Amino acid sequence: YFVWSTNTARHKNHHFALEVLLQYFENGGSLKCVMTGANTDKFDIENEVLEKDSYIEEIRDIFKSNPILQESIIIKGNLPKQRYFKVLSGAKFFLNTSCNDNGNGTAFDAAMLGVPTLSCDYAAMRNMDRVTSMNMHFYSNNNVDDAVRAVREMEEKVDFIDMPSREELRKHVVVD
């Protein structure tokens, strides 16, 4: 499996990501996706959502209309830190679908656990990769074919990605 850590904010690019993942799964992608993050349990169609939010409803509707996504994406929601780290450490890779925020610190957590990152290509993540030498892999935002190719490539080549050591990464930790 791979981990998609996100939240329910629009800039996390869910519509695009779900289109990419649907194509990946429809075309023989063999890894499951574990979705975690704040309030992501609201995307789970098995859960009742009391407050109305049009964006959350849009994402739930995508899940409702796609049995493949229902079967292939396991929504864990917000996990306690230690459980989250256990799930993340068992992943083949971490998927970051945001396209315009200040960067996703989970990519650094993943690297500390020896898990590589596949990220949407934007300045903050490129800078994080440059500064930390995490050897991230990137796909173009709004290019479904490129993103599907990138996910498939991670599935096939993840074991050959050269990751920095914890000691090398530790140089970038403010408080240890």
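Predicted model: local features only at pLDDT ≥ 70, side-chain atom pairs only at ≥ 80, totals over all residues.
## Helix 1

Helix 1 covers residues 14-26. It has 13 residues, and at 1.5 Å a residue these should span 18 Å.

Several residues of helix 1 are buried: H14, F16, A17, L18, V20, L21, L22, Y24 and F25. Just after the helix comes G28, with a positive phi of about 90°.

## Helix 1 against helix 7

Two packed helices are described by the angle between their axes and the distance between the axes. Helix 7 is made up of residues 144-157. Its axis and that of helix 1 come within 9 Å and cross at roughly 55°. The two helices are therefore oblique to each other. The crossing is right-handed.

Helix 1 contributes F16, E19, V20, Q23 and Y24 to the contact. By type, the contact residues divide into 7 nonpolar, 1 polar and 4 charged.

## T117 in strand 5

T117 belongs to strand 5, residues 117-120. Its relative accessibility is 2%, so T117 counts as buried; the cut-off is under 20%.

Which residues is T117 in contact with, leaving aside its neighbours within four places in sequence? They are F94, A107, A110, M136, H137 and M154.

Methods: Residues numbered from 1 in each chain as written. Heavy atoms only, no water. Helix = DSSP H or I, 4+ residues; strand = E, 2+ residues; numbered from the N terminus. Expected span 1.5 Å × (residues − 1). Buried < 20%, exposed > 50% of the residue type's maximum accessible area, 1.4 Å probe, protein only. Axes fitted to C-alpha atoms, helices over the stretch in contact; angles between N-to-C directions. Parallel < 35°, antiparallel > 145°, perpendicular 65-115°, else oblique. Left-handed = near helix turned anticlockwise from the far one by under 90°. Contact = heavy atoms within 4.5 Å. Nonpolar A, V, L, I, M, F, W, Y, C, P; charged D, E, K, R; others polar.
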